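Have a look at the model first, then read on.

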Amino acid sequence: MQHKNITLVIDNLGSGGAQRQLVLLALELSALGHDITLLTYNENNHMGYMLESSSVKHVIIKSGSPTKLSKMIAVLRYLFAAQPKYLISYLDSPNIISAVYSLFSKNVTWLASERNLNTGTGAAALWRKLAFSVARKVISNSHAQQAWLQNSVKLPKSKVITIWNGVHADFFSASNERENKPASAIKFLSLGRLSYQKHPELLVDAIKQLKTLQGMEFDWFGSDDPDSPNKRTELQQNITDLPLTVHQPTSGAHELLSKADCLILTSRHEGTPNVVLEAMAAGVFVIVPSIVDLPIIIGDNERGIIFKANCVNSLTSAIESFASMNANDRIAVTKRASEFARLNFSSAALATNYLELLNNE
């Protein structure tokens, strides 16, 4: 295996799914013996604890001004000074920065990574068409996004590839711990920012429609979203009589999953939601909306329950269906889900897939 110096770029190491994925990729590549530099340029360092005992070099780029343009220029100065040969970027602004660097650095191998599902045309398609023209490959984490990149952005099929997200080994360990979990109240768990995208109001409305709340507990862990600054307060005011508690985010997602019976995702849109893959790996039943690749991942309710996206009645029915299932049926579903996760979402496979792209360029 050829030793590589690889630079990864993302805006911050907050609690988002893209951040977790890039940290996981950095750790796996480093464990394989490559020199990894992880660049960030915003202050949020929630996921930084995962790098503390690793060989990954985390560089936080400082700029003289808090403006977005100033930060982008500061990152470009670093890149032009460091001259990385291999570059991987996640999210829109880091992709734009990497495109500018790649335009003037012909020897770089740049892999651009798309992390959310996009629709439509217009500016979102135009800048991608221009920027990704200098990328060696564009990596989507869902087949749905790959289709959009090919059909709306008009990227060649040979340039776009789908690599599903990876799951840290800790989550597979949590699956083993669940087998002897004692019976208790049904514990439902949701993990995600309090944002329009994650749609926490859908869960609140579904809980209100349940025929009975006896023996059910709901917990939502997530950070506040800058674009929805009052959402936590609004939710708190709307759940005073419900068995739902809204918490601040925590770094121990696998520990939360080990105590949960069922994960509920209410998102309006996603790329491939990490939390669902992690729950499946951990042996936790999942209830998810019919968005992006989740119908493929869950199958015909073989590895969880699918509900109609953004539909309160459908989510309510899904929760009631899970609550009425007997223990053996729940176990059968989660075992199928865990096996699917082992085959498709290992963190080792994530790193190997990226390396194969770098080796072939």
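Strand E9 (residues 216–221) runs parallel to E10, and four bridges join the two. Strands pair here if DSSP finds at least two bridges between them; helices (H or I, at least four residues) and strands (E, at least two) are DSSP runs, numbered from the N terminus. Keep in mind that this is a predicted model, where local features need pLDDT of at least 70, side-chain atom pairs count only at pLDDT 80 or more, and totals for chains, interfaces and linings use all residues. Residues are numbered from 1 along each chain as its sequence is written, and side-chain values use heavy atoms, with hydrogens and water left out.

- Opposite Leu-244 in E10 you'll find Phe-218.
- The sheet is open, pairs in parallel and reads E10-E9-E8-E11-E12-E13.
- Strand E10 (244–247) and strand E13 (305–307) are its edges, each pairing on one side only.
- Helix H7 (residues 200–209) packs on this sheet, touching strand E8 (186–191), E9, E10, strand E11 (262–264) and E13; contact means heavy atoms within 4.5 Å.
- H7's direction makes about 170° with that of E9 (axes are lines fitted to C-alpha atoms, for helices over the stretch in contact, and angles run from 0 to 180 degrees between N-to-C directions).

**The seven-stranded sheet**
- This one is open too, with parallel pairing and the order E3-E2-E1-E4-E5-E6-E7.
- Strand E3 (57–60) and strand E7 (160–162) each have a single partner strand, so one side of each lacks a neighbour in the sheet.
- Five bridges join strand E1 (residues 5–9) to the parallel strand E2 (residues 35–40), and Val-9 has Leu-39 in E2 as its bridge partner.
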